[in-house]
Amino acid sequence: MNIRDQLAVLLQENAEFVVIGGQAGVLRQAFEFSHDLDVLIRATPENAECVRRSVARIAGVAPDLGLVLGRDFQQYIDDATGTEIDVHLKLIAIPDFEAGRRNASEVDFLGIKVCVLELPALYASKRTDRPRDALHRRAIEDRLRRLVLDDLIEIDEIVLACCLDPDVARSHRVMLLLPDLARSTRQPLLQVRLLATGLHGDVLVQNPALHATVMSLLSLDVAARAKLLAHPARLAALLARVPLVLPEAGYRIQYLATTR
């Protein structure tokens with residue numbers, strides 16, 4: 001059963017879910033491929049029954065309702081076909097279905113409409129030490145960078161927290177925003193990226209909401225700081241450990257064009 005068919009089953013069974021994980025990256029045009037389907041579900045008895053019926057049709061396994069409601073991560077695989085669906089109750093930075101829904105929007109996937117996690121929320125959920133998640137974060141960064149440079153999305157501190165680099169910083173639209181953001185942003189990830197660009201450091205140090213990581217970096221001598229921030233692998237490892245804070249009300253990218 002392919003991914004579209006699995007999603008169709010979930011919709012037919014009236015399951016409440018958000019597409020997350022690799023398939024969300026595929027549907028958001030950040031990842032090239034994902035072999036399985038990950039979904040974040042609403043943890044209610046009624047929805048658990050809908051999910052249970054869906055899993056039975058997709059993977060040939062009828063999980064216990066208590067398991068569906070009680071385990072944060074569940075993996076179901078059809079032994080005959082290899083079809084896999086992974087069911088989640090929460091993610092890193094996404095504590096439950098309601099938070100996932102606030103950070104998701106609808107995508108048309110070959111004629112069916114499904115709720116898919118937005119790229120910044122997906123980025124926040126990929127903040128682990130797994131090599132695959134490091135690759136996924138880089139793919140999300142590249143996708144958002146391209147959207148910014150092609151003038152396809154609104155630019156704000158959450159977008160820039162995920163993708164700011166010297167090339168993005170030279171964009172005219174971004175250049176206009178950076179001084180004020182350096183002075184005021186409370187996003188730890190953006191603060192580190194600003195420091196790494198070498199721009200507006202004199203303004204950044206005036207920010208009253210500097211994250212502890214940034215304060216530690218500023219305490220280093222110039223040569224030591226440059227050695228850390230100018231090395232791509234070291235910078236990536238540092239960024240992986242600094243949080244991206246999503247608004248309580250949720251976050252959705254604002255597109256300036258119809259094509260995603």
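Leu-110 lies in the loop between strand E5 (104–109) and strand E6 (112–117). Helices (H or I, at least four residues) and strands (E, at least two) are DSSP runs, numbered from the N terminus. The model is predicted, so local features need pLDDT of at least 70 and side-chain atom pairs count only at pLDDT 80 or more, while totals for chains, interfaces and linings use all residues. Residues are numbered from 1 along each chain as its sequence is written, and side-chain values use heavy atoms, with hydrogens and water left out.

Leu-110 has a relative accessible area of 61% and is therefore exposed. The phi of Leu-110 is near 50°, which is a positive value in a residue other than glycine. His-200 also has a positive phi, near 60°, and is likewise a residue other than glycine. His-200 sits in the loop between H11 and helix H12 (201–204). With 26% relative accessibility, His-200 counts as partly exposed.

Another loop residue is Glu-32, found between H2 and strand E2 (37–41). Its relative accessible area is 84%, so Glu-32 is exposed. Glu-32 and Glu-46 are 14 residues apart along the chain, and their C-alpha atoms are separated by 34 Å.

The axes of helix H1 (residues 3–12) and helix H3 (residues 45–59) come within 9 Å and cross at roughly 150°. The angle makes H1 roughly antiparallel to H3. Axes are lines fitted to C-alpha atoms, for helices over the stretch in contact, and angles run from 0 to 180 degrees between N-to-C directions. Angles under 35 degrees count as roughly parallel, over 145 as roughly antiparallel, 65 to 115 as roughly perpendicular and the rest as oblique. H1 passes H3 in a right-handed crossing. A crossing is right-handed if the near helix is turned clockwise from the far one by less than a right angle, and left-handed if anticlockwise.

Which residues of H1 and H3 make the contact? On H1 they are Gln-6, Val-9, Leu-10 and Gln-12, and on H3 they are Ser-54, Arg-57 and Ile-58. Contact means heavy atoms within 4.5 Å. The residues of this contact of H1 with H3 divide into three nonpolar, three polar and one charged. In this division, Ala, Val, Leu, Ile, Met, Phe, Trp, Tyr, Cys and Pro count as nonpolar, Asp, Glu, Lys and Arg as charged, and the others, Gly among them, as polar.

Leaving aside neighbours within four places in sequence, Gln-6 is in contact with Met-1, Leu-37, Ile-58, Thr-83, Glu-84 and Ile-85.

Helix H7 (residues 131–149) has 19 residues. From its first C-alpha to its last, H7 reaches 27 Å, close to the 27 Å expected at 1.5 Å a residue. The expected span is 1.5 Å times one less than the number of residues. The buried residues of H7 include Asp-133, His-136, Arg-137, Ile-140 and Leu-144. An α-helix has 3.6 residues a turn, so residues three or four places apart point the same way. The elements that cover the buried residues of H7 include helix H2 (21–27), helix H6 (119–125), helix H10 (172–184) and H11. After H7 comes Asp-151, whose phi is positive, near 55°.

H11 is itself mostly covered, with nine of its ten residues buried. Among these buried residues are Leu-190, Arg-193 and Leu-194. Helix H11 (residues 188–197) packs with helix H13 (residues 212–219) at an angle of about 20°, and their axes are 9 Å apart. H11 is therefore roughly parallel to H13. Pro-188, Gln-191, Val-192 and Leu-195 of H11 meet Thr-213, Val-214, Leu-217 and Leu-218 of H13 in this contact. The residues of the contact divide into six nonpolar, two polar and no charged.

H11 also crosses helix H15 (residues 232–239) at roughly 160°, with the axes coming within 10 Å. This angle makes H11 roughly antiparallel to H15. The contact is made by Leu-189, Val-192, Arg-193 and Ala-196 of H11 and by Leu-235, Leu-238 and Leu-239 of H15. Here the division is six nonpolar, no polar and one charged.

Methods. Buried < 20%, exposed > 50% of the residue type's maximum accessible area, 1.4 Å probe, protein only.
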